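Visitor: I am new to this structure and would like to understand the words used for it. Could we take them slowly?

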Amino acid sequence: MALSGIKVIEFAGLAPGPFAGLILADNGADVIRIDRLASSSADILCRGKRSLAVNLKVARGRDLLKRLVASADVLIDPFRPGVMEKLGLGPGVFLGQDGLNKRLVYARLAGFPRNGPHKDMAGHDINYLALSGVLSMLPGTTEKPTFPLNLLADFAGGGLTCGLGILLALVERGKTGLGQVVDTDMVSGVRYVSSFPLLLSLLPTSSFGPRRGENLLDGGSPFYNIYTCKDGKWMSVGCLEPQFFASFLSTLLQNLPTTFSLESGWRPTTDSQTRQEEWPKLKEFFTKAFLTQTRDCWAQKFHGTDGCALPVLDVYEAATLDSSGSVVPRPHPKISDASLDVPDGGLHVLTPGGDDEVILKELGVLEDERRQLITDGAMRGEQARSKL
């Protein structure tokens, strides 16, 4: 696998940090998640990882972590700026002039820009998205935009972008022999992921005009939208190009009565696509048309056409189209010359501290030292671990 032999230390966190670690683990890296002693974990992005539970509030625990990181290739820091420095585990400890591991890729993943006015504030995906400028462009109601779960900032601008930065730093290390700090913040990350709409918004005539909800890709266009069918399920329509719109309209009209029209008698033509003044009537026509048949019926009518109209599937329906047949997503992209040894099945659970013994042996920690770690409160014993 592409990352076999790469050792990653991932400090336990919420969605974006674990996702960055998951990307690395899915491609062969040995990812060790650092958990608190008394913690349980709701982390579901732990496939292929191991766990070491350490108390970083005591000196012996911090010394153990320094020793572990000194032999690692990558560290993932998901905390607010300054937390790792206060623990004595900041980048300078490992990458400075007298650093313990000058080959380390030290990846810091924060919500807000590290030097901005919000850097010390708590936040979540919706807040980072709000400050990026992108949320103001998204579809919603006439009163306000809406947000696409916590996908854009947490995962696209956060975990995925951080994973990319780690891989770039590893490539650079292959040239220089030196590690470096990778800084990812989710506000900047989501802005980069959104380069297309942000750059388009600068053009005088753009798909993203000043009024949200009235443009080509933000819910204003009748031919780039979602419609409810007779059974309450939905069809997606995305026939932007004239030839695709023509295919869509032809298929739609062929499956409606010849007398089907708005109350005024209006029926669309291919010219209706470019007449923005007709968009309200076009949307009303499509809305009423899709309500005449079920989603699956419309899906069958449009299947094999260039009308760019496809059913909105639920998670279980979508799984039937995946090669694995599972709701659990497979790693992606596929690399033709690489094997992915990824466990099949459902959710994976990683018990905090469940791999303490094996990891300590790999680190060369002897039994006497381990007992001292437990005595000093840096780690917990077998009895305490079994209660979790």
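Guide: Let us begin with Val315, which lies in helix H12, residues 315-321, where a helix is a DSSP run of H or I of at least four residues, a strand is a run of E of at least two, and both are numbered from the N terminus. This is a predicted model, in which local features need pLDDT of at least 70 and side-chain atom pairs count only at pLDDT 80 or more, whereas totals for chains, interfaces and linings use all residues. Residues are numbered from 1 along each chain as its sequence is written, and side-chain values use heavy atoms, with hydrogens and water left out.

Visitor: Why is Val315 called exposed?

Guide: Its relative accessible area is 53%, and exposed means over 50%, buried under 20%, and partly exposed in between, with a 1.4 Å probe and protein chains only; therefore Val315 counts as exposed.

Visitor: What makes the nonpolar surface patch at Val315?

Guide: Val315, Tyr316 and Val327 make this patch of about 330 Å². The areas come from the Shrake-Rupley method with a 1.4 Å probe, and for residues only the protein chains shown count as cover.

Visitor: Why does Arg295 count as buried?

Guide: Arg295, in helix H11, has 3% relative accessibility, and because buried means under 20%, it counts as buried. Contact means heavy atoms within 4.5 Å, and, not counting residues up to four places away in sequence, Arg295 touches several residues, including Trp234, Pro311 and Glu317.

Visitor: How do you know that Arg295 makes a polar contact with Asp296?

Guide: The distance between the two side chains is 2.8 Å, and a polar contact is a pair of N or O atoms within 3.5 Å, of which, within protein, one must be able to donate a hydrogen and the other to accept it; residues adjacent in sequence count only if both atoms are side-chain atoms.

Visitor: Why is Cys308 called partly exposed?

Guide: Cys308, in the loop between helix H11 (295-302) and strand E9 (309-311), has 28% relative accessibility, which lies between the two limits, so Cys308 counts as partly exposed.

Notes
Patches are made of residues with over 30% relative accessible area and no salt bridge: like charges are joined within 9 Å, nonpolar side chains (Val, Leu, Ile, Met, Phe, Trp, Tyr) within 5 Å. A salt bridge is a side-chain nitrogen of Lys or Arg within 4 Å of a carboxyl oxygen of Asp or Glu.
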